[in-house]
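Reader: I'm new to this one. Could you walk me through its rings and its nonpolar cores?

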Amino acid sequence: MTHLELTHIHKSFGASVAVEDFNLTVKQGEFVSFLGPSGCGKTTTLRMVAGFELPTSGNVTLNGKDLTYVPPNKRNVGMVFQSYALFPNMTVAQNVGYGLKIAGKSKNEIEERVREMLSLIQMDKFYSRYPYQLSGGQQQRVALARALAIQPELLLLDEPLSALDAKIRFELRQEIRRIQQKLGITTIYVTHDQEEALSLSDRIVVMSQGKIEQVGNPFEIYNFPQTRFVAKFVGSLNTVTATVVDPAKGIASFDGINLEIAQGLNGKNKGEEVTIAIRPERFNFLAEQRKENVFDCTIENITFLGSVVRVQMKIGNSIFNMDTFNRPSLKLPNIGGKEQVTCSNKAVLVLAG
């Protein structure tokens with residue numbers, strides 16, 4: 001069932017276009033992330049959903065009601081900001097209950113709801129503390145509880161974890177997902193962090209220069225990028241320009257080296273140039289296993305990244321990265337050494353755009 005619908009949303013600031021022809025439907029209880037670099041229009045789109053910005057054209061519909069020109073305080077939408085935006089002169093309980101107080105709820109109702117929310121975010125013991133007595137992660141939990149206390153139809157989160165350190169971000173994003181799934185609340189999450197989007201979302205909307213590049217679940221976005229931008233922005237990627245050798249058989253060539261492409265080259269002409277891409281983790285040493293494509297290479301560099309070892313190699317005249325899991329039995333080649341690596345024909349993507 002469609003809960004939120006954005007139809008032909010366009011937003012201009014003078015001659016500058018921030019969002020162009022944005023169309024999206026979100027189901028009840030779905031967690032959708034807007035992912036893209038700074039300036040791509042994701043926060044502007046979120047603010048139009050919240051009512052803080054009015055679209056130049058297009059419509060915002062929530063639960064069948066047109067909210068395009070409805071003021072923010074009339075939308076029953078909860079919002080969590082990057083900066084927490086807690087009232088420094090109010091206790092945790094007062095901050096969480098603020099929206100309920102503004103709505104004219106009774107003292108007993110506010111008290112009950114506040115305690116329920118603090119239990120949900122596992123901060124019952126912080127009832128009487130002030131924001132300055134809390135860590136950044138705790139303050140963001142309080143901001144989340146405040147947004148949820150009013151029982152909104154929609155929860156909006158604008159890069160809520162970007163000001164926190166890596167460990168707290170990891171813990172809090174798990175907490176956000178747990179709470180969202182428990183409450184079954186429709187959620188829109190804005191982030192430039194691909195790991196956050198991939199780990200949290202039911203679907204991801206990848207944006208660039210005010211436009212949607214691709215919409216899909218995390219598996220689709222990572223493994224089957226539809227454009228060059230998505231392929232490069234989400235995850236690490238090796239790209240090279242190749243020439244079509246045999247469109248029917250899916251054979252292309254770079255630096256005089258042929259490779260087989262499972263997805264084929266239908267619609268391409270012999271001699272046409274295409275951009276191909278291979279994820280670093282799709283390569284293996286030939287000694288470990290053999291797949292359709294085999295390449296001679298020279299080892300240029302080896303970098304330890306904790307659980308992953310990145311091997312930089314030269315194939316023909318092109319540089320590629322290969323990622324392999326770090327394990328005690330791993331036998332790494334010498335820098336400058338000659339090796340053979342392999343990847344499947346399904347690992348080779350042909351990028352559009």
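Reader: Which residue lies over the face of Tyr-222?
Author: A charge sits over a ring if NZ of Lys or CZ of Arg is within 6 Å of the ring centre and within 35 degrees of the ring normal. At Tyr-222, the distance to the ring centre is 4.2 Å, and the residue lying over the face is Arg-279.

Reader: What should I know about how this model was handled?
Author: It's a predicted model, where local features need pLDDT of at least 70, side-chain atom pairs count only at pLDDT 80 or more, and totals for chains, interfaces and linings use all residues. Residues are numbered from 1 along each chain as its sequence is written, and side-chain values use heavy atoms, with hydrogens and water left out.

Reader: Over which ring does the charged end of Arg-115 sit?
Author: Look 4.3 Å from the ring centre for this one. The ring under the charged end of Arg-115 belongs to Tyr-127.

Reader: How many aromatic pairs are there, and what kind do Phe-22 and Phe-34 make?
Author: Rings of Phe, Tyr and Trp (its six-membered ring) pair if their centres lie within 6.5 Å; planes under 30 degrees apart count as stacked, over 60 as edge-to-face and the rest as tilted. The structure has eleven such pairs. For Phe-22 and Phe-34, the centres are 5.5 Å apart and the planes at 65°, so this pair is edge-to-face.

Reader: Are Phe-22 and Phe-34 buried or exposed?
Author: Buried means under 20% relative accessible area, exposed over 50%, partly exposed in between (1.4 Å probe, protein chains only). Phe-22 has a relative accessible area of 1%, so it is buried. Phe-34 also comes out at 1%, so Phe-34 is buried.

Reader: What kind of pair do Phe-87 and Tyr-98 make?
Author: Tyr-98 is partly exposed at 30% relative accessibility, and Phe-87 is partly exposed at 29%. Their ring centres are 4.7 Å apart with the planes at 50°, so the pair is tilted.

Reader: Which residues touch the most other members of the largest nonpolar core?
Author: A nonpolar core is a set of buried Ala, Val, Leu, Ile, Met, Phe, Trp, Tyr and Cys residues joined through side-chain atoms within 4.5 Å. The largest holds 34 residues, and those touching the most other members are Val-96, Leu-144, Leu-148 and Leu-155.

Reader: Which helix gives the most to that core?
Author: Helices (H or I, at least four residues) and strands (E, at least two) are DSSP runs, numbered from the N terminus. Helix 2, helix 4, helix 5, strand 7 and helix 6 each supply at least two residues of this core. With seven residues, the one giving the most is helix 5.
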